Each structure stands twice: as C-alpha cells, then as structure tokens.
Amino acid sequence: MEKQLVEPTTVLDVNFVKDVSKVIKCLGHPDRLRIVELLQSTPMKVKDIQAMVGLTQAVTSQHLRQMYHLGILRSTREGQNVIYSMGSPLVLRMLHCLEETQNMLKEDLRWAITMKSTAVE
C-alpha cells in the first residue's frame with residue numbers, strides 16, 4: 001500500500017510569516033525589546049531612552065534606526081530632538097503576549113514551589 005503525502009495546512013500567509021519573522025528577529029535582541037517596552041506607554045527622546053536602557057548614544061541610535069526601518073517605531077523631530085514612539089500594533093500585541101506568558105510562568109513556578117514544599121512535609 002502506497003502512502004500518500006498530506007499537505008500540511010497552515011493558517012498564516014507566507015508573506016505575513018516572512019514579514020513577521022524580520023520583526024521577531026529584530027526584537028530578539030534584549031536591548032531592543034527593552035526599548036519597545038519603554039515606548040509602549042509613551043513617546044520618548046533618544047537621550048531619555050539612552051539613559052533608561054544604559055547604552056551609549058551611538059548604540060541606542062543604531063537600535064532605534066533598525067526598528068524604525070522595519071516599521072516597529074515611528075519618529076518625529078521637535079527642533080534638535082528626535083522623538084520615537086511605537087509604530088506597530090503587532091509589536092504591542094507581542095509585548096502583551098510576553099507579559100501574559102511571564103505572569104503565567106511566575107504563577108506556574110509559585111505553584112510548583114508550593115507543591116514541592118508540601119510534598120516534603
């Protein structure tokens with residue numbers, strides 16, 4: 001009897017996956033993830049972002065530029081200052097999912113510790 005290959009069914013569009021994978025790759029750097037987390041609540045000047053993440057101005061600007069070119073961030077100029085803000089609702093949803101996952105894992109860890117301590121008694 002000959003086996004027939006079954007085409008896998010996928011929900012995600014191929015082009016969407018390609019675009020999103022670029023965003024995920026960019027956000028795979030911890031400093032960039034910290035920057036978007038800061039910007040999710042309020043737009044900020046480059047020097048304020050730099051101070052909060054503890055990076056040099058050059059490194060901060062490089063991270064911001066990469067995220068800007070992928071549409072993760074937007075920028076506006078006010079005089080000599082460049083103000084960055086979130087430019088992608090996708091990234092906001094991703095941050096929300098990360099926060100939920102972190103909270104879930106913390107809860108799972110508390111449950112595991114509680115179960116372990118009651119098993120020892």
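**Reading buried residues, cysteines and a helix face**

Author: Let's start with Cys26, which counts as buried at 5% relative accessibility. Buried means under 20% relative accessible area, exposed means over 50%, and partly exposed lies in between (1.4 Å probe, protein chains only).

Reader: Before we go on, what kind of model is this?

Author: This is a predicted model, in which local features need pLDDT of at least 70 and side-chain atom pairs count only at pLDDT 80 or more, while totals for chains, interfaces and linings use all residues. Residues are numbered from 1 along each chain as its sequence is written, and side-chain values use heavy atoms, leaving out hydrogens and water.

Reader: How do I read the sides of a helix? Which residues of H2 are buried?

Author: Helices here are DSSP runs (H or I, at least four residues), strands are E runs of at least two, and both are numbered from the N terminus. An α-helix has 3.6 residues a turn, so residues three or four places apart point the same way. In H2, the buried residues are Asp31, Arg32, Ile35, Val36 and Leu39. They lie on the same side of H2, because they cover an arc of only 135° around the axis. That arc is taken from the directions from the helix axis to the C-beta atoms.

Reader: And what does Val36 touch?

Author: Contact means heavy atoms within 4.5 Å. Leaving aside neighbours within four places in sequence, Val36 is in contact with Leu27, Met67, Ile72, Leu73, Met86, Val91 and Leu95.

Reader: Where is His63, and is it buried or exposed?

Author: His63 is in helix H4 and, at 6% relative accessibility, counts as buried. Its side chain is joined to that of Arg32 by a polar contact of 3.0 Å. A polar contact is a pair of N or O atoms within 3.5 Å; within protein, one must be able to donate a hydrogen and the other to accept it, and residues adjacent in sequence count only if both atoms are side-chain atoms. Beyond four places in sequence, His63 is in contact with His29, Asp31, Arg32, Ile35 and Leu55.
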